[in-house]
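Work through the exercises below with the coordinates open, and compare each of your steps with the solution given.

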Amino acid sequence: MDGFGWAMAILAAISVGISKGGLPMASSLSVPLLAGVMNPVAAAGLLLPVYIISDVFGLIAYRRVFEPRVLKIMIPAAALGVGFGWATASVVPERAVTALVGGIGVVFALNALIRPHLGMAREAKVAPGVFWGVLTGFTSFVSHSGGPPFQAYTIPLGLPRTVFAGTSTILFAWVNAIKLVPYAALGQLNFSSLELALKLAPFAAVAVWAGVRLVRVIPHETFYKIVTWALLAISLKLLWDVIF
């Protein structure tokens, strides 16, 4: 990997770390950053160990701050989504999944911006949680892009920003852990990628604590505005990639 490739890999690792620090939208930048210097499938396989290493630091930071009801609903649903992604890996085009994620993100973000009452606290209902949880696991398996479906379910709940961050960190730590077996079975993990992931891990680890700090200092309303606008920007980027 040349100097430019290393720079993109480090930026991707930093985006992963920041997402584990409590700003989940940042992780959606990781695969696109690496896709410019390697095959997107290889990029997803390379980043999975970086995600898992970062998860450890994120879990330490948010081990006492999360919403248990959301996790009880979404953890089993996300597992089903990962299983569905594994079962359909050879037949579902990645472009179709990217378009789906981008479309969901755009619609939801625009709706949230037009109807700001979506930020008011609501009850975490089971049926929507199962739907968005399955979609979160599926899209996370295919391209590490589970953030938009997760946010579509959790932003309307109006969770305190640290609880939102902790819930996201714990859920995706679970999703990333169970993705290891199917990724290995599909040949997307190898010793060379693990070696590179270990070299990138320190950058991700430092970024985790930076993300934690940002979450704690950003006001509640500002936090959700940032999340919503970032969701819109990332979703538009995904649709742009599919079209062009």
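This is a predicted model: local features need pLDDT of at least 70, side-chain atom pairs count only at pLDDT 80 or more; totals for chains, interfaces and linings use all residues.

Residues are numbered from 1 along each chain as its sequence is written, and side-chain values use heavy atoms, with hydrogens and water left out.

**Exercise 1.** Determine how many helices and strands the chain has, and what fraction of its residues is buried.

*Solution.* Begin with the DSSP runs, where helices (H or I) need at least four residues and strands (E) at least two, numbered from the N terminus; the chain has 10 helices and zero strands. Next, apply the burial cut-off, under 20% relative accessible area with a 1.4 Å probe and protein chains only, which gives 51% of the 244 residues as buried.

**Exercise 2.** Find the largest cavity, and identify which helix gives the most to its lining.

*Solution.* Then take the volume as the space filled by probe spheres set on the points, which are joined across faces, edges and corners, and the result is about 130 Å³. Finally, collect lining residues, those with an atom within 4 Å of a point: there are 14, with Lys-20, Pro-24, Ser-27, Tyr-51 and Phe-172 nearest the centre. Helix H8 (161-185) and helix H1 (3-20) each supply at least two, and H8 gives the most, with five.

Key
On a 1 Å grid over the protein atoms alone, a cavity is a set of points where a 1.4 Å probe fits but cannot get out, and a pocket is an open set with protein on both sides within 12 Å along at least five of seven lines; lining residues have an atom within 4 Å of a point. Buried means under 20% relative accessible area, exposed over 50%, partly exposed in between (1.4 Å probe, protein chains only).
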